Amino acid sequence: MVTKLLHTRYRVNDLDKTVAFYKDVLGLEEIKRHKSPRGSELVFLKTPNSDELIEICSFPASGPVTLGPDVTHLAFEVEDLEAFAKHAEAKGYPFSDGPTESSSGTFAFIDAPEGYEIELIQYRK
């Protein structure tokens, strides 16, 4: 039986651009970077208030990354969705969908550099 979720991996073509997005737009912290025994370049990122990590992986030997639409996404809580929207748009990442009201709050999506969706949720207080 598993005991804990450790990390989620997203493989990308452009490691530097993607890591910059997660750090500069989302505010995640890079905590580790190394090359795996098989040659993958790996960067591990941490979100405030979460134990699980996000692993960004570049492994050109396995071919280019091709992502189909609406395959997967990461969801992050934000304090102020409107303020986040202004910040993300100033960095070149406007909302791709939303904001949308729900019974629990408001949510919206932006697209990371490789096309992975990022959901931002502001819960009602």
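## Basis

Residues are numbered from 1 along each chain as its sequence is written, and side-chain values use heavy atoms, with hydrogens and water left out. Because the model is predicted, local features need pLDDT of at least 70 and side-chain atom pairs count only at pLDDT 80 or more, while totals for chains, interfaces and linings use all residues.

## Largest pocket

The largest pocket holds about 460 Å³ of space. A pocket is an open set of points on a 1 Å grid over the protein atoms alone, with protein on both sides within 12 Å along at least five of seven lines; lining residues have an atom within 4 Å of a point. Volume is the space filled by probe spheres set on the points, which are joined across faces, edges and corners.

The lining is made up of 20 residues, and Thr47, Pro48, Ser50, Phe76 and Glu77 lie nearest the centre of the pocket. Strand E4 (53-58) and strand E5 (73-77) are the elements that give two or more residues to this lining. E5 gives the most, with 4 residues. Strands are DSSP runs (E, at least two residues), numbered from the N terminus. By class, the lining has 12 nonpolar, 5 polar and 3 charged residues. Here Ala, Val, Leu, Ile, Met, Phe, Trp, Tyr, Cys and Pro count as nonpolar, Asp, Glu, Lys and Arg as charged, and the others, Gly among them, as polar.

## Cavity

The structure holds 1 cavity of 30 Å³ or more. A cavity is a set of grid points where a 1.4 Å probe fits but cannot get out. The lining of the largest cavity consists of Glu77, Val78, Glu79, Gln122, Tyr123 and Lys125, divided into 2 nonpolar, 1 polar and 3 charged residues.

## Hairpin E6-E7

Strands E6 (residues 97-101) and E7 (residues 105-111) run antiparallel and are joined by 3 bridges; two strands pair if DSSP finds at least two bridges between them. A hairpin of 3 residues connects E6 to E7. Asp97 stands opposite Phe109 in E7.

## Ser40

Ser40 is found in the loop between strand E2 (29-35) and strand E3 (41-46). Ser40 has a relative accessible area of 2% and is therefore buried (under 20%; exposed is over 50%, partly exposed in between, with a 1.4 Å probe and protein chains only).

Leaving out residues up to four places away in sequence, Ser40 touches His34, Lys35, Cys57, Ser58 and Phe59, where contact means heavy atoms within 4.5 Å. The side chain of Ser40 also makes a polar contact with the side chain of Arg38 (3.4 Å). A polar contact is a pair of N or O atoms within 3.5 Å; within protein, one must be able to donate a hydrogen and the other to accept it, and residues adjacent in sequence count only if both atoms are side-chain atoms.
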